[in-house]
Amino acid sequence: MIDWSWILENWLPIGLLLADHVQLVTLGLCSGMLVAGLMVLLTLWKPVLARPLIYLSGILFTVPSLALFILIMPFTGLSKTTSVIGLSLYALLIILQNTLAGLASNPAHILEEARALGYTRLQCFLGVELPLALPALLAGLRTTSVTLVGLVTVTALIGQGGLGQLFITGLAQSFTTPVVVSLILTVLLAFCFDYLFYSLDKFLIRWVR
Amino acid sequence: MIRFESVMKTHRGSARLAVSGLTLHIPKGEICVFVGPSGCGKTTILRMINRLDSQDSGRIRVDGVATDELDVVTLRRGIGFMMQSSALFPHQTVAQNIGAVPRLLGWGRDKIAQRVSELISLVGLQPEFLDRYPNQLSGGQQSRVALARALASDPPVVLMDEPFAALDPVIRERLQDELVALQRRLHKTIILVTHDMEEAIKIGDRIAIFEGEGKLVQFDTPHNILARPASEFVRNFIGKDPLLKQLSLMRISDLPVDEIDCEFDLLLDEKRIPSKWLSDSTVPAPELVTVSSEQSLHHALMNMLSVQNGVVVRVGENGRYEGCLSLGSLYKALNERRPGVAQS
């Protein structure tokens, strides 16, 4: 069922596809994080925006991924840009929701205490609110990275997709080996990202038991 | 030190006054306790001092300066604050929590570290607690850390909003005692809010009793409030047994040492520490019960009731004999405090 010689012959292209996959996930994650960060700052400046943003990102998240990529395609074509924009949008939605929810669930009496001790708005955000919301923030990044690993394979349909291309190859040639290889590597990659953020959480957050 | 000048406040969206024209002067270096039923506005009044709440009209002056003329952050950094359930920052160690205000004030690292280690022993905790996180501490320990944090920049004024309400009774009483002992050394102006009259009597140099709508009904020393309640409301609020409460206010050392005729002789050792009552062969000697002169008359009374002859032996700090106490000594003490009899 599995053609081992094919794997041995094609280890280099497979490796390159894996690297491409990691690159797409990382790019999507980073730009999503950046935009989410800017939006969180926006809600600090105008707190009324927080609730509409949470709702909006919730609604956008229900748009099917394939539809989203097809919607972006007229503007940026079958390029890596299309893929990264779509991935970033998904990343943005998950990260934003988790961060805003984390910030909103910070205990009010602790923020009040910070105010009473003489923290300025910015000092309170950087010194108290953000660290307290860090577990939620990291949980968001963890979910996002795992979601993106899966989502990248979908972008194979617009000519990108890292390991997703192996699916297409396998499907077109009715050849199972590339499909199985792609599946196993994707799952392993998702596991690695998950473990990365899990360790980051353990390393950074020592105060919750 | 702190002056309220016809301060008024209505909560937003409420027709009722929260504070109706409060004028009050809190003297420097005393513990002033705000007490009253819940919803009487005492917490709002406290929170107006560091502008966590704002007044609609009137002035509040801290050390002569009107609070609304100062920058709000400067004002707050200059006033210690401790709230109910000790709102420590859970993501910071004990040391970081205590050093919060000095950090905001831009103190150097060494100066902060030195101050933090001073404070941790001041509030009776071991230095090894400094690296722990708040969720690794008991409720009582958390309260101690919160107190240290409130005192960190050595502010002249400290505000405490029901600081001990969430603690179990034994720990609460111990912390109350320690706060009083600490205050004897620090001489801060402390304003403490509580709904517990016992607590107010125990720690207050002065008590402000509020009725609804932030109306001040009596502002006086605990003794005077117990002896001369200003209204039926205050009488009810004080509750039962005002005499017992007065006894818990007075220390044994407040009484003159007087000799009491006792049917037994007391044996002292060479350091003048009482060792036992001597029996005169026919009647067995009662159990020897000593009370330290630092303790309250209430404590002395409870001990008198527990021995057969109703006499307890009073000892000084080092355990040495000072005298004896009986019920008669307590009657005398209370009579001297009673209004109208005091002058006779």
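Predicted model: local features only at pLDDT ≥ 70, side-chain atom pairs only at ≥ 80, totals over all residues.
How many bridges join strand β14 of chain B to β15(B), and do the two run parallel or antiparallel?

1. **The β14–β15 pairing.** Strand β14 (residues 312–315) of chain B is joined to β15(B) by 4 bridges, and the two strands run antiparallel.

2. As a reminder, strands of a sheet pair through backbone hydrogen bonds, in either a parallel or an antiparallel way.

3. **Where chain B meets chain A.** On the chain B side, 17 residues are in contact with 15 residues of chain A. The elements of chain B that give two or more residues to this side are α2 (72–77), β6 (79–83) and α4 (100–104). Sorted by class, the side of chain B that touches chain A has 11 nonpolar, 4 polar and 2 charged residues.

4. **Helix α8 of chain A.** This helix covers residues 164–172, and its buried residues are G164(A), Q165(A) and L166(A). What lies over them? The cover of the buried residues of α8(A) includes α2 (11–45), α7 (121–154) and α9 (176–204) of chain A. After α8(A) comes S174(A), which has a positive phi, near 45 degrees.

5. **S6(B), a backbone angle worth a glance.** S6(B) has a positive phi, near 35 degrees, although the residue is not a glycine. You will find S6(B) in strand β1 (residues 2–10) of chain B. Is S6(B) buried or exposed? With 12 other C-beta atoms within 10 Å, S6(B) is exposed, because the cut-off for exposed is 12 or fewer.

6. **D63(B), another one to check.** Here too phi is positive in a residue other than glycine, with a value near 55 degrees for D63(B). D63(B) sits in the loop between β4 (57–62) and β5 (65–66) of chain B. D63(B) counts as exposed because it has 12 C-beta neighbours inside 10 Å.

Notes:
Residues numbered from 1 in each chain as written. Chains lettered and ligands numbered in written order. Buried ≥ 20, exposed ≤ 12 C-beta atoms within 10 Å, placed from the backbone. Contact = placed C-beta atoms within 7 Å. Pairing = 2+ DSSP bridges. Nonpolar A, V, L, I, M, F, W, Y, C, P; charged D, E, K, R; others polar.
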